[in-house]
Amino acid sequence: MAKARINIPRNVTAGDVIEIKTLITHPMETGFRVDSLGVRIPRNILTHFSVTFADQVVFEAELQPGIAANPYISFHLKAERGGTLTFTWRGQNDFSVTETRELAVAS
Amino acid sequence: MRPSIVASVVLALLVCAGGCDRPGASINVQRTLTEVQSGYAYQAPETQSLQDDDFGNPGLLWVDKGIALWEVHCASCHEGLDHMTDVATRYPRFDPALNRVINLTQRIDHCRTEHVGLPAVDYESEELLALTVALTHLADGQPYAVDISGNNAAAFERGRAYYYTRRGQMNLACHHCHEVNAGKKLRGETLSQGHSNGYPTYRLQWQTLGSLQRRLRFCNAAMRAEPFAYGAQAYVDLELFLAWRADDLALESPAVRR
């Protein structure tokens, strides 16, 4: 089941600077909150997000407890040629989601 | 009064009884609000733009999930999602098999357990929320079209009575905050008219998507009344009243609220 939403612009020509948007389901539990019985809820956050293009890291982020649930991360990329973008989110409790998307670039 | 005028008035009444623009519209129930305003209007510009963002609205994560679940469990019986674009506008409604008024979530749950044979899940579970919001999102932009006559009339009257009855230690009725004082400040919050057209809603306070009943439980707790359990008939009746009360407001689920 799809856990992440990824948006890549269409009709891209070589040399364009494009915005890539990502959104993923994750509670981003801070570890500071307590439940209704006063017991502390353990921290459970995403720790790392990276995007690779042709085995090269093009975007990378470290996530911290201050980031809200369901993180929305967008970034810009200069599109020189088409290829496959691989998106990887990693987090606590062995959380790992990998998605791939094709980037089509007209020359 | 001249006979011709009397005749035309009678004719107009008959025409209306035969079916005004929406079912139940011919029933004479007094509206308290003269002008309806969606909860959207009470949000900060940042929150509004998050709701309007057709990629970044976090509620759409659940819509995606709901559509994926629908393809797996529901698509074999139902014709297709494009045939279900107005389903959400008609709930809550009377269900002959269950012999009571149920809301969309209960309808989906009934379908899941009776026809698909899936195990029952909690009312506020991810699965039911996802399916509910997927169907409600299909009706985006349409107003509610609930029927408050016939089998639905008793539930509607109970819902209306609930709305105007004082309760809890604060001794407030829904009416006092959301009609008499709508638009005024309650500490840091602006009181909205309390319409249900954005539910299921992504609330920033919850950091997740939640049902209308979750919001109603929060309302009850805030005025120090004991909340009902999820799926309680009192809430379903109230939902029917709220749907009628929203008048011509367009559905906008998943809405984003603070």
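Residues are numbered from 1 along each chain as its sequence is written, and chains are lettered from A in the order in which they are written. Local features need pLDDT of at least 70 and side-chain atom pairs count only at pLDDT 80 or more, while totals for chains, interfaces and linings use all residues.

The model scores ipTM 0.88 and pTM 0.87. Confidence in chain B is lowest in helix 1, residues 3-17, at a mean of 45, and highest in strand 2, residues 100-102, at 97. Helices (H or I, at least four residues) and strands (E, at least two) are DSSP runs, numbered from the N terminus. Over residues 5-21 of chain B the pLDDT is below 50. Where pLDDT is low, the predicted coordinates should not be read in detail.

Helix 3 (residues 60-73) and helix 5 (residues 126-138) of chain B pack with their axes 7 Å apart, at an angle of about 95 degrees. Axes are lines fitted to C-alpha atoms, for helices over the stretch in contact, and angles run from 0 to 180 degrees between N-to-C directions. The two helices of chain B are therefore roughly perpendicular (65 to 115 degrees).

In total, ten residues of chain B are in contact (C-beta atoms, placed from the backbone, within 7 Å) with eleven residues of chain A.

Conventions: Parallel < 35°, antiparallel > 145°, perpendicular 65-115°, else oblique. Contact = placed C-beta atoms within 7 Å. pLDDT = per-residue confidence, 0-100.
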